[in-house]
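Here's a walk through the model you have on screen. Keep the viewer open and follow along.

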Amino acid sequence: MSKALEGVRILDMTHVQSGPTCTQLLAWFGADVIKVERPGVGDATRGQLRDIPDVDSLYFTMLNHNKRSVTLNPKTEKGMKIFAKLIEECDVMVENFAPGAIDRMGFPWEKIQEINPRMIYASVKGFGPGPFEDCKVYENVAQCTGGSASTTGEINGFPMVTGSQIGDSGTGLHLALGIVTALYHREKSGKGQRVSCAMQDGVLNLCRVKLRDQQRLAHGPMKEYPQYPNGEFGAAVPRAGNASGGGQPGWIVKCKGWETDPDSYAYVIAQAAAFPALAKAIGHEDWLEDPEWNTPEARLPKIDKLFEEVEKWTLTKTKFEVMNILNPQNVPVGPILSMKELAEEPSLRATGTVVEVDHPERGKYLTVGNPIKLSDSPSDVERSPLLGEHTDDILRDVVGMSDEEIAAAKAEGAV
Ligand SMILES: CC(C)(COP(=O)(O)OP(=O)(O)OC[C@H]1O[C@@H](n2cnc3c(N)ncnc32)[C@H](O)[C@@H]1OP(=O)(O)O)[C@@H](O)C(=O)NCCC(=O)NCCS
């Protein structure tokens, strides 16, 4: 079985999280990803949040698997020529520097196209064209400006960011789709093109249902929000705590042991079809005959009371017992799993979603493997490269330099 993107060569000018997430996905699928890093410095994340002195951080290693690293400074005379040759030899160039950085290196899109008309040039920026297009952006800025923070948090509480890196990794995912789409299009057109993803746009795309609700607001209160019927709706979509956001009422309830275990909770969904089973399981068979409870419309104004009753029952069970009892009865439910539990979960290890990787300097560590599974194209996880580990190989095999030329480039600080 061959890897799906074998034969695709990527010039990876990415750093931090959003860009590296994208190129890591492409590398997992078999693309040859050549990560270009500043000589002697490298991607800043190599040194950020270090847990072991002088060893590449988990931040870096977990975002840069299956790549090769070359050190190169395109701002030197020789470095510029090597960089131009790499553009010629690669299919895709990916970057997520601050706006204008690649232009300032001397490689605007027009020049890249001139060097290689088949090149697909993919960028992540914080914002698209508009008032903020020149801004530098990190994860939480994207969550705040893309609609996630204003719609996340406790009812009447302050805006909250989420633990999921929807601004960085979410935009990296969007960009990867843009790249494979452009590669597919190139099969027909023979030409490359630009692929741009703004983090604000990526977050807003993931918050699509909240823009739906913004428009529903004009037509009266949204009955699935906890603000209904007693709270206030303002001019914009409010924060809704842990309400499900779809048409099905749901909430997080405490389970046995919550007093000492901060993750002893479960999410329970009380959708109409599963309501009889849920009511019976929690000892409220009486609700099935009671017009105050036996229709979704009757329950809607007292959803909080419903979940109080559910919680009285879940408090007598562990979160896994809640799952094991309700799930077979088609009541949608999910235990709140901690990172420790996820790291230790055997089924995630079996599918390669959680993988143990060996690194020459840090030893064994856990990472998240490729979450996208293809039936005919394997995707294994290889450790991240050391800074400049493949410089000589790449300069020789891809750029076509002799040993003497490589030595001269090193002496000049170009690589
Ligand atoms: C993430 C971000 C805020 C970081 O900002 P930063 O650390 O100040 O880094 P910058 O992107 O400004 O680039 C750093 C400089 O390094 C230079 N550089 C990068 N690689 C280099 C190399 N191999 N050799 C020499 N110089 C290099 C760039 O040319 C740039 O120089 P310039 O500003 O003089 O033109 C910024 O890159 C950004 O907004 N990116 C777009 C949005 C994004 O992806 N954000 C999420 C990150 S997870």
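The buried residues of helix H3 pack against strand S1 (9–13), S2, strand S4 (92–95), helix H5 (109–115), helix H16 (391–397) and helix H17 (403–411). Those buried residues are Lys78, Gly79, Ile82, Phe83, Leu86 and Ile87. Helices here are DSSP runs of H or I with at least four residues, strands are runs of E with at least two, and both are numbered from the N terminus. "Buried" means 20 or more other C-beta atoms within 10 Å of a residue's own, "exposed" means 12 or fewer, and "partly exposed" is in between, with C-beta atoms placed from the backbone. Packing is judged by contact, that is, C-beta atoms placed from the backbone and lying within 7 Å.

One caveat before going on: this is a predicted model, where local features need pLDDT of at least 70 and side-chain atom pairs count only at pLDDT 80 or more, while totals for chains, interfaces and linings use all residues. Residues are numbered from 1 along each chain as its sequence is written.

Now for the core. In the largest nonpolar core, which has 58 residues, Ile10, Leu11, Leu26, Val92 and Met93 touch the most other members. A core here is a set of buried Ala, Val, Leu, Ile, Met, Phe, Trp, Tyr and Cys residues joined through C-beta atoms within 7 Å. Leaving aside neighbours within four places in sequence, valine 92 is in contact with Val8, Ile10, Leu11, Ile120, Ala122 and Ile179. There's also a second, separate core of 21 residues, with Ala243, Trp251, Val268 and Ala270 among them.

What about the ligand? It is surrounded by 24 residues, the closest being Val16, Asn96, Phe97, Ala98 and Lys136; a residue counts as near if its C-beta atom, placed from the backbone, lies within 6 Å. Helix H1 (18–28), strand S2 (32–37), helix H4 (101–104) and strand S5 (120–125) each supply at least two residues of that shell.

Which residues have a positive phi although they are not glycines? Asparagine 66 does, at about 60°, and so does asparagine 330, at about 65°. Asparagine 66 sits in the loop between helix H2 (58–61) and strand S3 (67–71), and counts as buried because it has 24 C-beta neighbours inside 10 Å. Asparagine 330, in the loop between helix H13 (319–326) and strand S9 (333–335), has 12 other C-beta atoms within 10 Å, so it is exposed.

Terms used: Contact = placed C-beta atoms within 7 Å.
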